[in-house]
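Please open the model in your viewer and follow the selections below in order.

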Amino acid sequence: MAGSCWPSDTELNEMREKVSQMAKVKKEDVRVVVSPYRICPLGAHIDHQGGTVLAMTINKGILLGFTPSGSDEFVIRSGQFQGEVKFRVDDIQQPVQTTKIKNDNMAENSSEPQEQCNWGRYARGAVYALQNRGHNISKGIIGYIRGSDGLDSSGLSSSAAVGVAYLLALEHANDLVISPTENIEYDRLIENEYLGLKNGIMDQSAILLSRHGCLMCMNCKHMQTKEYKLIHRPTVQDYKKSEQPKAAKMLLALSGLKQALTTNPGYNRRVAECKEAAQILLEASGDHEAEHILSNVAPEVYEAHKCKLEPDLAKRAEHYFSENMRVMKGVEAWETGSLEDFGILIAASGRSSIQNYECGSEPLIQLYEILLRAPGVLGARFSGAGFRGCCIALVEEHLATEAASFVRREYLKAQPELASQISRDTAVLVCDSGDCARVI
């Protein structure tokens, strides 16, 4: 696709060679699903309150090489995990929690080995989602899946990218024509129903709907209708005599944290606190009917009654309303090519996540502050909650390499133990915007 160097011909050839050897077929018979990771420059922690968020894919992600198995057998190997996942696609798949209870009850009396490849749950989940919506899945695949090097547990929604990859492969093998919006719902079934996770549809929406060079803007209050639009940047010719940077890249700076450092239940209370703040504000305005989410509170109601909120609730509400405003300003900045203004908004989002939403761990906060000092960086924030994974930054294209070196060097000083665990080649990556998930 235009503007993207991922996947390279070398990467595609590697995937085809692996599957060719596994399935004993010609390389020409192997297809590859390209399912990119996503970032969310603006709209932090407001999707669950019905706010509006901005997202885009990057030129890193999941590759799934596959060929139809010629039967109902599904066989998959991974570049990141050990073992082989093997099952029949005409078996009725049960949600993970149901299966876990059944296995726990049968474990003592069963002589059959337990499946050790938990990473295969997303493959089974894809079959579950398609079965759940009445599709006849009779053909399996033989495949090999891997993610971009060094980006496991990085906060870039790799789980959604994996789920989407399996869906596209199974649909291709079974000659199903499924729209992107239908696949958003199917991936939601994988995560919400099959795996029992409580996330929304932002991640898979970005993965399935994005276009190179565009921001995807989604109103999360209308997730059922999947209301979204693509925001294009102006062409170079449209900049005229603007002093704004003409081109930018994204930096991904890895922290080395694979697991959360804290078990503090405070972060898990954030959604409840937002709802409590919404309830107080709505009832103060005389509205006792609306759902208790902050998107149902008009800005003027918030301004009139925010004094009724206790300090913690006031911070959560302030983050929501200020972040929603940053998203609206961000759309305008992107459309007009005002990259400096867009970067300022990203940095303000990062600060509000720390100060008002009160999330983030010390290493990620240090990484965020280092990024803001790096040459050419226009703005930075956590990718995700800030307890593990990485930070993202918008950087002027001609200074991207220098900025990456600066961040790598300064983070090593701040967190030598964590930084030493990260490969120098993947510690800070320069990325471009990506495209939507597809089969090639």
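Begin by selecting S69, which sits in the loop between β2 (52–68) and β3 (73–78), where strands are DSSP runs of E of at least two residues and helices runs of H or I of at least four, numbered from the N terminus. This is a predicted model, in which local features need pLDDT of at least 70 and side-chain atom pairs count only at pLDDT 80 or more, while totals for chains, interfaces and linings use all residues. Residues are numbered from 1 along each chain as its sequence is written, and side-chain values use heavy atoms, with hydrogens and water left out.

From S69, follow the side chain to the backbone oxygen of E73, which it reaches at 2.7 Å.

Next, select α10 (residues 339–355) and α11 (residues 362–373), whose axes come within 12 Å and cross at roughly 155° (axes are lines fitted to C-alpha atoms, for helices over the stretch in contact, and angles run from 0 to 180 degrees between N-to-C directions). The two helices are therefore roughly antiparallel to each other, the term for angles over 145 degrees. To display their contact, show A347, G350, R351 and I354 of α10 together with I365, Y368 and L372 of α11.

Finally, select Y128 in helix α3 (residues 121–132) and Y194 in helix α5 (residues 180–194), which are 66 residues apart. Their ring centres are 5.4 Å apart and their planes at 40°, so the pair is tilted (ring centres of a pair lie within 6.5 Å, and planes under 30 degrees apart count as stacked, over 60 as edge-to-face and the rest as tilted).

Methods: Angles under 35 degrees count as roughly parallel, over 145 as roughly antiparallel, 65 to 115 as roughly perpendicular and the rest as oblique. Contact means heavy atoms within 4.5 Å. A polar contact is a pair of N or O atoms within 3.5 Å; within protein, one must be able to donate a hydrogen and the other to accept it, and residues adjacent in sequence count only if both atoms are side-chain atoms. Rings of Phe, Tyr and Trp (its six-membered ring) pair if their centres lie within 6.5 Å; planes under 30 degrees apart count as stacked, over 60 as edge-to-face and the rest as tilted.
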